[in-house]
Amino acid sequence: MTPEAAMRSAIEQADLVKGTTYPNPPVGAVILDRDGQPAGAGGTEPAGGPHAEVVALRQAGPRAAGGTAVVTLEPCNHHGRTPPCVDALVAAGVSTVIYAVADPNPLAAGGSQRLAAAGVQVVGGMLAEEVAAGPLREWLHKLRTGRPHVSWKFGASVDGRSAAADGTSQWITSEPARADVHRRRAAADAIVVGTGTVLADDPTLTARRADGSLTERQPLRVVVGRRDISADANVMNDDSRTMVIRTHDPHEVIRALTDRTDVLLEGGPTVAGAFLRAGMVDRILAYVAPVLLGGPITVVDDVGVSTIGNARRWRYDAIVPIGPDVLLSLVPH
């Protein structure tokens with residue numbers, strides 16, 4: 001296995017644990033033996049458990065000696081709930097450590113220098129952009145800004161409608177697109193909607209498998225707005241916890257979610273417009289179906305643009321075909 005292939009495998013390991021590691025980042029690691037063969041792999045376990053490097057080293061056992069550790073994030077150099085990962089790598093006798101993203105956390109940084117001082121060859125930056133835009137996106141954003149990363153997710157027709165003129169919206173997008181949404185929900189810390197969505201659609205806002213069963217991990221459901229919602233609403237059931245925030249101010253919502261990292265905004269056009277005007281959307285996830293609906297129900301209301309010169313510009317982060325639909329991932333220009 002080449003180091004690049006091993007890094008892609010480490011990214012897969014990080015994706016598997018995404019959403020379960022807070023406050024630690026979702027990191028993946030792969031150990032190659034001295035012949036370049038995979039000997040161990042793993043992702044960071046929930047807080048208090050071993051980090052990715054330790055999980056992979058335990059799996060590799062003595063085969064790690066003289067081998068290569070490939071990690072999505074620079075190994076940590078501090079003692080928190082667990083000892084420094086650099087200590088475990090040095091003790092295992094690995095000869096080379098390859099990582100993607102340097103650790104920006106000043107409390108944990110310095111792992112590469114510590115490894116080099118111990119005689120370990122260190123290579124940084126492999127597939128760094130892919131890792132930073134992938135499993136570490138939200139964690140890096142939280143570390144940089146101090147607030148959770150907000151992705152506005154919506155499904156729409158190709159002409160930007162979220163429902164037909166009579167209000168029906170099931171289903172604009174395909175089953176593969178909806179499955180991808182549930183995968184993202186299972187990794188998210190919270191889902192935010194407005195009271196209007198709850199009153200109109202009575203959603204459950206859970207993460208479900210293809211057979212309809214609940215995934216093991218469920219995000220916090222957050223309902224914002226001043227209208228009352230029924231105690232019998234689906235969003236109030238026992239499938240997950242629910243927070244009701246009596247406000248229309250996105251800043252207040254984000255302050256209430258400061259202990260979260262990855263937030264999905266799934267509200268209707270009014271809530272989406274409010275978050276966009278407040279500058280509180282860090283990514284757009286648009287699931288676009290090849291259908292035309294027309295009519296008045298658009299995905300977003302007023303975003304504060306009165307003339308084309310003031311248009312809010314975004315750039316494509318990724319364009320991914322999903323079944324008959326396409327997922328457009330956009331970030332601010």
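Let me begin with a definition: a residue is buried when its relative accessible area is under 20%, exposed when it is over 50%, and partly exposed in between, using a 1.4 Å probe and protein chains only.

Now, what are we looking at? This is a predicted model, where local features need pLDDT of at least 70, side-chain atom pairs count only at pLDDT 80 or more, and totals for chains, interfaces and linings use all residues. Residues are numbered from 1 along each chain as its sequence is written, and side-chain values use heavy atoms, with hydrogens and water left out.

Let's start with salt bridges. We call it a salt bridge when a side-chain nitrogen of Lys or Arg is within 4 Å of a carboxyl oxygen of Asp or Glu. How many salt bridges does a search of the whole structure find? It finds 15. One of them joins the side chains of Asp-317 and Arg-137, at 2.4 Å from N to O. Here Asp-317 belongs to strand β12 (residues 314-322) and Arg-137 to helix α6 (residues 137-145), so the pair ties together parts that are 180 residues apart in sequence. By the way, helices (H or I, at least four residues) and strands (E, at least two) are DSSP runs, numbered from the N terminus. Is Asp-317 buried or exposed, or in between? With 27% relative accessibility, Asp-317 counts as partly exposed, while Arg-137, at 12%, is buried.

A second bridge pairs Arg-183 with Asp-180, and their closest N and O atoms are 2.9 Å apart. Both residues sit in helix α7 (residues 175-187), 3 residues apart, which is about one turn of the helix. Asp-180 is buried, at a relative accessible area of 13%.

Asp-228 is exposed, with a relative accessible area of 61%, and Arg-246 is partly exposed at 45%. There is also a network: Glu-4, Arg-8 and Glu-130 are joined by salt bridges that share partners.

Next, the rings. Rings of Phe, Tyr and Trp (its six-membered ring) pair if their centres lie within 6.5 Å; planes under 30 degrees apart count as stacked, over 60 as edge-to-face, and the rest as tilted. The whole structure has 1 aromatic pair. In it, the ring centres of Trp-152 and Phe-154 are 4.5 Å apart and the planes are at 40°, so the pair is tilted. Both Trp-152 and Phe-154 are buried.

Let's move on to empty space. Rolling a probe the size of a water molecule over the atoms shows where empty space is left. On a 1 Å grid over the protein atoms alone, a cavity is a set of points where a 1.4 Å probe fits but cannot get out, and a pocket is an open set with protein on both sides within 12 Å along at least five of seven lines; lining residues have an atom within 4 Å of a point. Grid points are joined across faces, edges and corners, and a volume is the space filled by probe spheres set on the points.

The largest cavity has a volume of about 140 Å³. It has 17 lining residues, and those closest to its centre are Gly-19, Thr-21, Pro-26, Asp-189 and Thr-261.

The largest pocket holds about 1,300 Å³ of space. Its lining has 49 residues, with Thr-197, Asp-201, Glu-266, Gly-267 and Gly-268 nearest its centre. The second largest pocket has a volume of about 870 Å³. Of its 34 lining residues, Asp-15, Lys-18, Gly-134, Arg-183 and Arg-184 are the closest to its centre.

Finally, some backbone details. The peptide bond from Tyr-22 to Pro-23 is cis, with omega near 5°, and Pro-23 is in the loop between α1 and β1 (28-32). Leu-205 is not a glycine, yet its phi is positive, near 60°. Leu-205 is in the loop between α8 and β8, and at 3% relative accessibility it counts as buried. Asp-202, found in the loop between α8 and β8, has a positive phi of about 50° although it is not a glycine. Asp-202 is partly exposed, at 34%.
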